[in-house]
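Hello,

I am passing a structure on to you, with some notes on what turned up in it. Please have a look and keep it open while you read.

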Amino acid sequence: MIRDDTQPKPRKAPADGAKDFLLHEYQSLYALHQHAKDVGETRLNFYITFAAALGSVLIATQQFIRSDIHLWLLIAGLAVIMCLGFITFRKMLQRRVATILYRRRLGRVRAWFAFHYPEILPGLPYAIGREIPMDWGKYKLGSSAFSVAFLNTILVIVLVFIILLNSFGLTAVWWSIPASGIVGAATWWFHLVWKDRWLRAAEMQDRQEMADLDTAP
């Protein structure tokens, strides 16, 4: 008799209520996953809107305030926007890690259903058991995070240039521009290092949690 390997292999029947419980878990995780993605876009839009609004106010009030006072207001405004930018970038890191963890947990639930109900395999939209890497996908930094990091770098360059120009006068333009560029490059490198360390720590913690879950009685 020829063995037919195309037929699904018998599986141990899941415990009563396990299917409904995991379906509820899957729906909850999916909702959290979508929320994490939406929050990232909202934070990016708020950051850009706030920076544009504050910049517009500083430009509009230039003719009504003394030049020396307006200069310090400009420096303070740029510093505030820059601080908000670093906070936003940190939130982007949290959002990316959360998104990956939710997708990994969703994949784990899908694998459970595929194991106990192999007849659903042909209808799945994508393969199961594929580990989602802790990275930014097809983008090196991530689309939203890239925008925040880029704006932060530009703000740092402008802020440093204004401070140097105000401190040393117009004669310092020739070296203030490259100095500001160097600080900007360091700022960009700082964002990359920050991102790599954050994702590496999240990966280690997730692997430990998954190992603890797999060895649980």
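W189 is found in helix 4, which covers residues 173-214; helices here are DSSP runs of H or I with at least four residues, strands are runs of E with at least two, and both are numbered from the N terminus. W189 is exposed because its relative accessible area is 56%, where exposed means over 50%, buried under 20% and partly exposed in between, with a 1.4 Å probe and protein chains only. In space W189 lies 9.6 Å from T153, C-alpha to C-alpha, although the two are 36 residues apart in sequence.

Before going on, please note that this is a predicted model, in which local features need pLDDT of at least 70 and side-chain atom pairs count only at pLDDT 80 or more, while totals for chains, interfaces and linings use all residues. Residues are numbered from 1 along each chain as its sequence is written, and side-chain values use heavy atoms, leaving out hydrogens and water.

Next, the aromatic rings. A pair of them is described by the distance of the centres and the angle of the planes. Rings of Phe, Tyr and Trp (its six-membered ring) pair if their centres lie within 6.5 Å; planes under 30 degrees apart are stacked, over 60 edge-to-face, and the rest tilted. By this rule there are nine aromatic pairs. One of them is F146 with F150, with centres 6.4 Å apart and planes at 10°, so this pair is stacked. F146 and F150 are four residues apart in helix 3, so about one helical turn separates them. F146 is partly exposed, at 43% relative accessibility, and F150 is partly exposed too, at 42%.

F190 and W194 form a tilted pair, 5.4 Å centre to centre with 45° between the planes. Both lie in helix 4, four residues apart, or about one turn. F190 counts as partly exposed because its relative accessibility is 40%. Ring pairs also link F190 and W194 with F86 and F89 into a cluster.

Finally, a charge over a ring: K19 lies over the face of Y117, 5.5 Å from the ring centre. The rule asks for NZ of Lys or CZ of Arg within 6 Å of the ring centre and within 35 degrees of the ring normal.

Best wishes
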